[in-house]
Amino acid sequence: MDARTSDLASDSTVTAEAALVGSGWRSERGEPSLADMFATVRTVKQGSFWRKLVGFLGPGYLVAVGYMDPGNWATSLAGGSKFGYALLTVALLSNLMAIVLQSLCTRLGVGAGRDLAQACRDSYPRWAALPLWLSAEIAITATDLAEVIGTAIGLNLLFQIPLAIGVIITALDVFLILALQAFGFRWIEAFVVAMLGVIAACFAVQIALADPDWGEVIRGFAPHTDLLANREMLYLALGILGATVMPHNLYLHSGLVQTRGYGGTLPEKREAITLATIDSSIALCFAFVINASILILAAATFHHAGRTNIAELDQAHSFLAPLLGSTLAPTLFAVALLCCGLNSTITATLSGQIVMEGFLNFRIAPWLRRLVTRLIAIVPAVVVTIWAGEKATGQLLILSQVVLSLQLPFAVVPLVMFTASRAKMGPFVAPRWLTVLAVATAALIIALNAKLVWDFVNG
């Protein structure tokens, strides 16, 4: 095929895709999301359902990393130590809400062929798109800040490295990401899944040592009136819900699903949406198991022993050995925390790339983008650690979650609006029932996050 024929074929494909999606977009898609990784992972077009699904497994696990970051650890530890297993029902509800929103990201990425940042740039005037971009960048920086602190605490617990030095060491993770990218996107996914496996194994051993009351665990998943009657329990429930959905995950997932080579026809895209949604739902269920494990561990150890005020990560680490009678438990806790931090650095890198390229149509080297973002997160962490001491890192962690809460509506609302628009999505528009669920989910999350921010501001 000569160059002219290739160009004509490419033009016809773009025209076909534009007609397929609808006329609600102001411009053609242009360069795809994560262009260097776009459609690089081959999928199986023929064969059994399970064989096809294997090709789509991966992006969901990168997204799931954001649902088990150090902010989630802090709220789960506090909830389990204070109220035992009672808040497991909140963790389950949070996971179901996350599944709904992430399914919309899949629909937008595959159906419209755009990530959330590209969709915002196309749909809003420049005066509105730029503040949305700034909001997304602030959210990514706040996320990165939590990852820096979590990784530094993990290094401190395992190797006694001072936190001020540990947060500086975390800047070196940029080289890990560059090395993985050189081998292809599947290697990045493999690394993340491997780290998730280590985290799961660590908590499995710790829970076996803790020997929780499984009858109480099962009853903890049932809703109960104490949740509304007890103000302190409600506040921790709001914390678990509020820290669940991260703004950067919505941008991330809508771009990651496009790494699959699923084709451009209507049946191929419909099948891709189904398989990618299954991938993210399975991965988020895995994230739920991890978060529930943290809460169960806290309930079976700290709450059972009467230590009901555990909230700091290093505090939890120090009490595990005497309560469980094993020096292995705190080591496993620190290993899991470090793996969680390493995983989160990868997702923050990709989120930053998607947001900058999508909103500004401006591309810089990924390593430079990562280094700038990480330095922005490192500076406040180092300053606070040196100035106020290591105990202030817990307050900085909480502050990062509040910042994320403020940014959340600017990602959730456009996502729901885009996927509910038949003009933009064409035959891939979200079903009415899914839109209703998404609107209710978005409204609840925004209201709960607003409550968290209000309580934070008012002390």
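**A chat about the model**

A: Happy to! Ser94 counts as buried, because its relative accessibility is 4% and buried means under 20% relative accessible area, exposed over 50% and partly exposed in between (1.4 Å probe, protein chains only). Do keep in mind that this is a predicted model, where local features need pLDDT of at least 70, side-chain atom pairs count only at pLDDT 80 or more, and totals for chains, interfaces and linings use all residues. Residues are numbered from 1 along each chain as its sequence is written, and side-chain values use heavy atoms, with hydrogens and water left out.

Q: Where is Ser94 found, and what does Ser94 touch?
A: Ser94 is found in helix 5 (residues 88-112); helices (H or I, at least four residues) and strands (E, at least two) are DSSP runs, numbered from the N terminus. Not counting residues up to four places away in sequence, Ser94 touches Ile240, Leu241 and Thr244, with contact meaning heavy atoms within 4.5 Å.

Q: How many helices and strands are in the chain?
A: The chain has 22 helices and 2 strands. Buried residues make up 58% of its 459 residues.

Q: And which residues of the largest nonpolar core touch the most other members?
A: Those are Trp73, Leu87, Leu108, Leu116, Tyr251 and Leu350, out of 130 residues in that core. Helix 15 (residues 266-303) gives the most to this core, with 18 residues. A nonpolar core here is a set of buried Ala, Val, Leu, Ile, Met, Phe, Trp, Tyr and Cys residues joined through side-chain atoms within 4.5 Å.

Q: What is Leu108 in contact with?
A: Leaving aside neighbours within four places in sequence, the contacts of Leu108 include Trp25, Leu116, Leu415, Phe418 and Met425.

Q: Switching topic: how many disulfides does a search of the whole structure find?
A: It finds 0, a disulfide being a pair of cysteine sulfur atoms within 2.5 Å. For Cys339, the nearest cysteine sulfur is that of Cys202, 6.3 Å away.

Q: Is Cys339 buried or exposed?
A: Cys339 counts as buried, because its relative accessibility is 8%. Cys285, at 38%, counts as partly exposed.

Q: Last one: which residues form a nonpolar patch on the surface?
A: Ile165, Ile169, Leu172 and Phe175 do, with about 390 Å² of accessible area together. Phe175 has its place in helix 9 (residues 173-183) and counts as exposed at 55% relative accessibility.

Technical notes:
Patch = residues over 30% accessible without salt bridge, like charges linked within 9 Å, V, L, I, M, F, W, Y side chains within 5 Å. Areas by Shrake-Rupley, 256 points an atom, 1.4 Å probe, with all protein chains shown as cover. Salt bridge = Lys/Arg side-chain N within 4 Å of Asp/Glu carboxyl O.
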